[in-house]
Amino acid sequence: MVPDRIALDPHLDLQEQARLLRAHGSVVPASWPGGVECWAVVGYAELEAALTQPLFARSPRHWRALRDGEIPRDWPMRDHLDRQWMLTSDGAEHSRLRRAAAGAFAPRRVKALAPSVTAVVDRLLDGVDPAAGPVDLREEFALPLALGTLCSLLRVPDDERPRVTALVSRALSRAALTPEESRLLSAEIRACLDHLLTRPVAPGEDGGLVADLRESADSEGGLSQQEARDTLWLFLAAGFDTTVAALVNTVRALLEHRDELDRVLAGEVSWDQVLEEALRYDASVFALPFAFAREDVTLGGQHIRAGDALLLCYAAANRDPSREGGGSSFRLPGPGGPGGPHLAFGRGPHFCLGAPLARLQLRTALSALFARFPALRLADAPGPTVPSLTINTVTSLMVSA
């Protein structure tokens, strides 16, 4: 018998929860921690529809339960909903917010970051020696690579990077803080972001994303100070942990499927092909809350009422077995093959702005890592899942060579 509503738990294995949801259909009644009711969209076609069709909105003003006062003020995800950023906006408002940040990810800027990404990768690999003993690839390689790249994008001065790194790390562990500690952390983050947004840029210097946001905030019809701050935090925090998770998940998949890795090392499969299959197989984002139905609609055989919340389950949809190239097996395509499609970066108006930069980091890191350590192997079982319903990865990945 199908349960009335499946309760999602951030402390349980996410792919197992995805499998359970898919077993009950492509759109499944579920509840987010705190008893918040939603529809988990786990079918590929259904998620693609929710991401691209104008019947579905991102602004919480469309959420019936929020309008009716059913969502408590102290619900932890209220902070996500209350931010003034592109994740929770639609139409012209979304375009305005997106346009202010899009320049930082223009092809010329991403290309210009390639040498610094390569330099960070080489420096980090110089500092690890998995042949001498087990190394936590997440802590010693993925984390500092993602933070170093983001600090370059944001033009964070070298002497301020430790502070920014510490704030991001503490924010990722917010669930372990007391309410007072969390309040103080939020105040520190606001102060740090305001400082970055007001830091002088030397004449002729490319100020990166920070300069773009500041210029927009100073222009008529541009971003408000809060919008600029929230957008900056979006790219600093979200761009950090998703890239870390993608790199860790890809290395784990390759080391758990040595026959596939051997094909890569033999030159039969490109790193671009590896990356796309890894993003499909074990997406770094498990789910994002929420999209909202603008009107009554049928999706995946379920009657969705206007104002219902849809949980966007990327990791589950990418493994939808009914989709060609889907399923729960990690399999690389043949030479030149495109591999299975995926929604790891979203689709439609909210497609991830940082996708080109993420691909650059991942491709550079993977090729360099396995060029240096082709005999890399798992030294221990992967650590437990990070306690989250948003980020899908493990807390550690111990490797040897």
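User: What classes do the residues lining the largest cavity divide into?
Analyst: Four are nonpolar, two polar and one charged. Here Ala, Val, Leu, Ile, Met, Phe, Trp, Tyr, Cys and Pro count as nonpolar, Asp, Glu, Lys and Arg as charged, and the others, Gly among them, as polar. This is a predicted model: local features need pLDDT of at least 70, side-chain atom pairs count only at pLDDT 80 or more, and totals for chains, interfaces and linings use all residues. Residues are numbered from 1 along each chain as its sequence is written, and side-chain values use heavy atoms, with hydrogens and water left out.

User: Which residues line the largest cavity?
Analyst: R58, H80, L87, T88, L288, P289 and F290. Strand 6 gives the largest share of that lining, three residues. Strands (E, at least two residues) and helices (H or I, at least four) are DSSP runs, numbered from the N terminus.

User: What volume does the largest cavity have?
Analyst: About 50 Å³. The search of the whole structure finds one cavity of 30 Å³ or more. On a 1 Å grid over the protein atoms alone, a cavity is a set of points where a 1.4 Å probe fits but cannot get out; a pocket is an open set with protein on both sides within 12 Å along at least five of seven lines; lining residues have an atom within 4 Å of a point. Points are joined across faces, edges and corners, and a volume is the space filled by probe spheres set on them.

User: Is the peptide bond from P289 to F290 cis or trans?
Analyst: Cis, with omega near -15 degrees. F290 sits in strand 6, residues 288-293.

User: Sheets next. What order do the strands of the six-stranded sheet have?
Analyst: The order is 1-2-3-9-6-4, in an open sheet with mixed pairing. Two strands pair if DSSP finds at least two bridges between them. Strand 1 (6-7) and strand 4 (56-57) are the edge strands, each pairing on one side only.

User: How many bridges join strand 1 to strand 2?
Analyst: Two, and the strands run parallel. I6 has A30 in strand 2 as its bridge partner.

User: Which strands does helix 2 touch?
Analyst: Helix 2 (residues 44-52) packs on the sheet and touches strand 2, strand 3, strand 4 and strand 9. Its direction makes about 115 degrees with that of strand 9. Contact means heavy atoms within 4.5 Å. Axes are lines fitted to C-alpha atoms, for helices over the stretch in contact, and angles run from 0 to 180 degrees between N-to-C directions.

User: And the other sheet, why is one side of strand 5 and of strand 10 left without a neighbour?
Analyst: Strand 5 (135-136) and strand 10 (377-378) stand at the edges with a single partner strand each, so one side of each has no neighbour in the sheet. That open sheet has three strands, order 5-11-10, with antiparallel pairing. L378 stands opposite V399 in strand 11.

User: Last one. At what angle do the axes of helix 6 and helix 15 cross?
Analyst: Roughly 35 degrees, and the axes come within 10 Å. Their contact has twelve nonpolar, three polar and three charged residues.
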